[in-house]
Amino acid sequence: MKIPRLTDTTLRDGDHAVSHSYTPEQVRAIVKDLDEAGVPVIEVSHGSGLNGSTIQQGFSIHSEYDLIKVAVETAKQAKIASLFVPGIGTSKELREAAELGISVLRIAVHCTEADVTEQYFRLAKELGLETVGFLMMSHTQPASVLAEQAKLMESYGADCVYVVDSAGALVQSGVRERVSALKEALSIQVGFHAHNNLGLAIGNTITALEAGADQIDGTLRGLGAGAGNAPTEVLVAVLNKMNIETGINLAILMDAAEEKIAPLMQSPIVIDRGNLSSGYAGVYNSFLLHVKHAAEKFGVGVSEIMQELGKRQAVAGQEDWILDVAVELAEKKGIKV
Amino acid sequence: MYKILKNDGNMELALVTGIDSNSEGLARAREKGIATSHHGIEAILEDSEIKIVFDATSAKAHKLNAPVLREQGKVAVDMTPAAIGPFVVPTVNLHDHLEAMNVNLISCGGQATTPLVHAVNRIVQVHYAEVIATAASLSIGPGTRQNVDEFVRTTANAVQQIGGASIARAIPVFNPAEPPINMTNSVYAVIKEEFDEAAVIESVQSIAAEISSYVPGYRLKGAPFVDYRETPWGRLPTVVIMNEVIGAGDFFPTYAGNLDIMTASAYRVGDVYAGHYLSAKEVTR
């Protein structure tokens with residue numbers, strides 16, 4: 001099997017799990033370890049992408065530009081990437097991140113809306129960035145639709161397109177179909193980004209590799225939105241056992257996960273009722289903390305909010321619907337809002 | 001077009017013009033017995049009787065059309081993001097711009113949310129406003145899709161200028177759910193000082209009622225409420241307002257409330273202008 005390129009997104013997806021509280025010192029320490037361990041790409045930005053510091057997504061405590069700057073300064077071999085969601089970020093933030101020295105831009109949209117990415121792929125290429133397309137909530141569409149959307153991104157200048165299991169809702173057959181369809185349709189690379197709501201983050205990532213994926217994602221100790229991601233250190237251990245030589249130092253990653261990431265966690269990430277119901281209903285993972293907030297405020301259950309959001313087919317960026325659902329559920333129960 | 005034909009207002013529909021003689025819009029206008037042309041703005045310039053022009057082309061085209069229309073004394077109601085003239089929202093500032101020759105309607109999200117921010121701001125200063133405008137994917141045309149930046153910039157500017165917020169953000173969301181969702185908007189208004197919650201809620205409800213007089217499908221989803229949020233300015237009360245816009249179904253399907261609120265607002269602006277000119281004429285007589 002070919003050697004995949006690993007992107008560690010502890011400092012981006014993990015940003016949701018720490019409620020956007022990363023400090024420049026933490027970023028420096030984590031980037032230093034990942035870089036020394038030989039992780040080739042490190043993603044740093046607000047969890048919802050550049051300029052994501054909002055009420056809807058959660059305000060960052062430290063400016064993400066300061067964090068990106070520290071990451072760029074610290075990394076000796078690793079490329080620094082940022083996530084970009086059109087509408088949350090605009091060309092202005094894209095340019096600013098490029099100026100700070102990121103090398104890779106990962107442009108994320110709901111997996112049916114690839115045509116809103118054109119202006120940003122073109123700009124990123126103009127600025128000399130490597131580009132990755134991120135088809136979020138890939139479980140909601142069949143492989144054929146994802147392949148069409150991925151082809152659009154390829155035509156705009158993407159160097160790679162990811163199948164992104166934002167809700168952690170895919171099982172292995174679903175991953176295989178989707179990654180294979182993209183491999184067949186595209187002449188560029190294909191990636192896979194997992195979430196662990198069904199306990200399949202590592203398994204699905206390996207399935208993606210078997211189906212031909214060129215790039216995969218992980219986060220130290222699985223620190224990511226909701227149920228978290230494929231833990232980078234576990235992924236490297238598994239790849240070693242499979243005799244896939246990533247050249248990444250497992251010992252450094254284990255130490256970083258244990259000593260630097262575990263202490264940042266408000267509580268260990270487990271597949272509890274909230275995370276399982278979110279994955280089972282196919283709800284975007286970064287909704288979790290917002291759902292908990294709304295459940296408490298309006299006196300309704302986390303699982304019932306998740307279920308209704310799944311029914312309404314909410315997409316990434318629709319945290320406001322959580323409040324709407326919570327209010328409606330409360331009213332139905334006769335709770336005074 | 002349908003709104004002018006359906007309502008017994010101050011305007012008379014003289015011409016529908018486009019650049020594609022086979023377009024569905026022009027065909028529908030012909031069916032209704034309305035004069036049509038596929039020579040674009042030229043056809044408008046040939047008719048000196050036309051006083052009000054609704055421009056739903058593109059920002060680029062409107063930049064060319066605007067000076068020509070002005071030269072001929074025709075008022076332009078600009079439905080593109082060109083924003084050459086002042087932003088207008090019928091419930092907030094239309095009467096400040098009755099003599100303007102070019103006014104801009106911001107965006108669908110802007111028409112839906114800036115009056116809500118204004119309604120809070122007339123009771124207590126809004127420090128930061130964030131509006132989330134969500135529409136069905138099917139109702140978002142290629143123009144918007146190719147230029148999301150423009151929507152974001154124009155709408156956020158209007159939330160500051162018309163809404164009165166000191167700082168503003170606007171975020172569009174496109175949702176492809178089947179069946180298609182109605183347009184929904186959320187407003188978060190962060191307040192830094194003590195305020196009368198009941199007065200804010202009443203102010204928002206009354207402006208929503210006013211808007212629904214010209215956009216019948218416009219309503220609040222539940223009463224506005226206050227939620228405390230961690231912000232860069234500390235833990236602050238945030239007024240949360242949720243709104244839904246169901247279209248009239250004149251031309252676009254009812255879920256496309258985002259398109260309907262633009263045409264309904266444009267109609268309202270045109271009708272008020274026409275009424276203003278007619279009454280001015282009577283005075284001079």
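**Confidence and conventions**

The model as a whole scores ipTM 0.94 and pTM 0.95. This is a predicted model, in which local features need pLDDT of at least 70 and side-chain atom pairs count only at pLDDT 80 or more, while totals for chains, interfaces and linings use all residues. Residues are numbered from 1 along each chain as its sequence is written, and chains are lettered from A and ligands numbered from 1 in the order in which they are written.

**Stop 1: the sheet E3-E4-E5 of chain B**

Select strands E3, E4 and E5 of chain B, which form an open sheet in that order with parallel pairing. Helices (H or I, at least four residues) and strands (E, at least two) are DSSP runs, numbered from the N terminus; two strands pair if DSSP finds at least two bridges between them. E3 (52-55) and E5 (102-104) of chain B are the edge strands, each with a single partner, so one side of each has no neighbour in the sheet. On average, neighbouring strands are turned by 15° against each other, direction ignored.

Now zoom in on E3(B) and E4(B) (residues 75-78), which run parallel and are joined by 4 bridges. Here Ile52(B) stands opposite Val75(B). Axes are lines fitted to C-alpha atoms, for helices over the stretch in contact, and angles run from 0 to 180 degrees between N-to-C directions.

**Stop 2: the side of chain B that touches chain A**

Select the 31 residues of chain B that are in contact (C-beta atoms, placed from the backbone, within 7 Å) with 27 residues of chain A. Elements giving two or more residues to this side of chain B include helix H7 (148-161) and strand E11 (234-245) of chain B. E7(B) gives the most, with 6 residues.

**Stop 3: a helix pair in chain A**

Finally, select H9 (residues 232-241) and H10 (residues 250-261) of chain A, whose axes come within 9 Å and cross at roughly 155°. H9(A) is therefore roughly antiparallel to H10(A), a term for angles over 145 degrees. Among the residues that meet are Val236(A) and Ala237(A) in H9(A) and Leu253(A) and Met254(A) in H10(A).

Terms used:
Contact = placed C-beta atoms within 7 Å. Parallel < 35°, antiparallel > 145°, perpendicular 65-115°, else oblique.
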